[in-house]
Amino acid sequence: MDTLIHPTHCEIVVDSPDNDDDIRELGRICKEWLLNKQIVLLRKQNTDSNYFAKLSESIARDGIYNWRQCSWMPNGDLIELPDQVAGNIGYTTTPEANNDPWNNSKKLAWNSTTAAAIDKTLPRINPFDLKEPNTYPVQRVTGEKKGKFGGGIFGTGDLDWHCNLGNYYEADGVGLQAIKDAGDASTFYANSVPALKEMPDELRARCEGKRATFLYDHKKWSDVSKMHPMQRITMQFLALNLDRREMEMNLIQKNRKGIEGIYFHRLNNMKIEGDETLVQDLYEWMFQDKYVYEHRWETGDIIFMDQLITQHKREFVAEELLEKRVLHRFTFMVNNDDEWVKEQNSI
Ligand SMILES: [Fe+2]
């Protein structure tokens, strides 16, 4: 197994292992590279959803994080809607975070009883227990017109630079795998680690010790009216969760290996205390071509990425292409198993 190191990312050159022990071992290797290089590419892997689930499950101590949002079978069939509504409400918080699932002024209890009730209708599946191929449900990213609501999330439209870590307790790792008709579309990945390392002293000085505030704003992300109802429900509940929707983060972040980068999420009303132009100046510095990796998908390709110190975007792709393209998406913890983000960012 070779690993190719690039300034922005790394690529593990390997064929998909066909036994569970080797998949677990590959998951551990991916985790190490995620911490070291933040963005990890594996080309032309097995497209069986069980394989991608096993690999993602092996990266993090507690396995796949977004399993409640895995609303589809790989063929695009939507799992029972009532279960998914419960699951997507449940997703908006964790028992550790002690947040209520929606407007906390109503003080609706989120506790182990609620969690147990949801878990009963939508049980967590260990992908290593599955025998039949393509039986692990997935979060599909596609504009495919399937059934009444379409077959996935973020079907169409652009997505400007952002990351997927929305609050302290959430998953700081994401994996995407290209399943179908992805060849004509790219995803762009930016790595803030080299961008920070090479930053001019003056700009770096403006970042030192600074904190940024964020206000979750799903309406800025993409056209909400065109979203799949499952995604819209999740995002609206997230927006209603008063504890969750506001966040304050250090501008300069450190991962568990001590590697420094920048947390940047302009879609969530990012503001930096005491420096009104710094968000824009950083935007111009961080997303220069030399810090960006454009990945043109081929079927089976997997990209795992850190969400604390890398960002990604999708540029305009014709709607007809997005209607055909299917990606699978899982999230998991990279640094954040034990509240790393909260610890590092509390005042
Ligand atoms: Fe994203």
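A helix crossing is called left-handed if the near helix is turned anticlockwise from the far one by less than a right angle, and right-handed if clockwise. Helices here are DSSP runs of H or I with at least four residues, strands are runs of E with at least two, and both are numbered from the N terminus. By that convention, α1 passes α2 in a right-handed crossing.

Before going on, the ground rules. This is a predicted model, where local features need pLDDT of at least 70, side-chain atom pairs count only at pLDDT 80 or more, and totals for chains, interfaces and linings use all residues. Residues are numbered from 1 along each chain as its sequence is written.

Back to the helix pair. Helix α1 covers residues 20-37 and helix α2 residues 49-59; their axes are 7 Å apart and meet at an angle of about 50 degrees. Axes are lines fitted to C-alpha atoms, for helices over the stretch in contact, and angles run from 0 to 180 degrees between N-to-C directions. Under 35 degrees counts as roughly parallel, over 145 as roughly antiparallel, 65 to 115 as roughly perpendicular, and the rest as oblique. α1 and α2 are therefore oblique to each other. On the α1 side the contact includes Ile23, Leu26 and Cys30, and on the α2 side Leu55 and Ile59 are among the residues. Contact means C-beta atoms, placed from the backbone, within 7 Å.

Now the overall counts. The protein has twelve helices and 16 strands. Of its 347 residues, 45% count as buried, meaning 20 or more other C-beta atoms within 10 Å of the residue's own; 12 or fewer is exposed, and in between is partly exposed.

What does α2 lie across? It lies across β6, β14 and β16 (326-332), at about 25 degrees to β16. Those strands belong to an open, mixed sheet of seven, ordered β1-β2-β3-β14-β6-β16-β4. Strands count as paired if DSSP finds at least two bridges between them. The edges of this sheet are β1 (2-5) and β4 (139-141), each pairing on one side only. Its twist averages 25 degrees from one strand to the next. Within it, β6 and β14 (residues 302-306) are antiparallel over five bridges, and Val174 has Met305 of β14 as its bridge partner.

In the largest nonpolar core, of 72 residues, Ile262, Phe304 and Phe332 touch the most other members. Such a core is a set of buried Ala, Val, Leu, Ile, Met, Phe, Trp, Tyr and Cys residues joined through C-beta atoms within 7 Å. Leaving out residues up to four places away in sequence, Phe304 touches Cys30, Leu34, Val40, Ile59, Gly173 and Gly175.

Is Asn164 buried or partly exposed? With 18 C-beta neighbours inside 10 Å, Asn164 counts as partly exposed. Asn164 sits in the loop between β5 and β6 (173-180). Its C-alpha is 5.8 Å from that of Gln307, 143 residues away in sequence.

Last, the other sheet. Four strands form an open antiparallel sheet in the order β5-β15-β7-β13, with β5 (159-162) and β13 (292-296) at the edges. Strand β7 (residues 186-191) pairs with β13 over five bridges, and Thr187 has His295 as its bridge partner there.

Terms used: Two residues are in contact if their C-beta atoms, placed from the backbone, lie within 7 Å.
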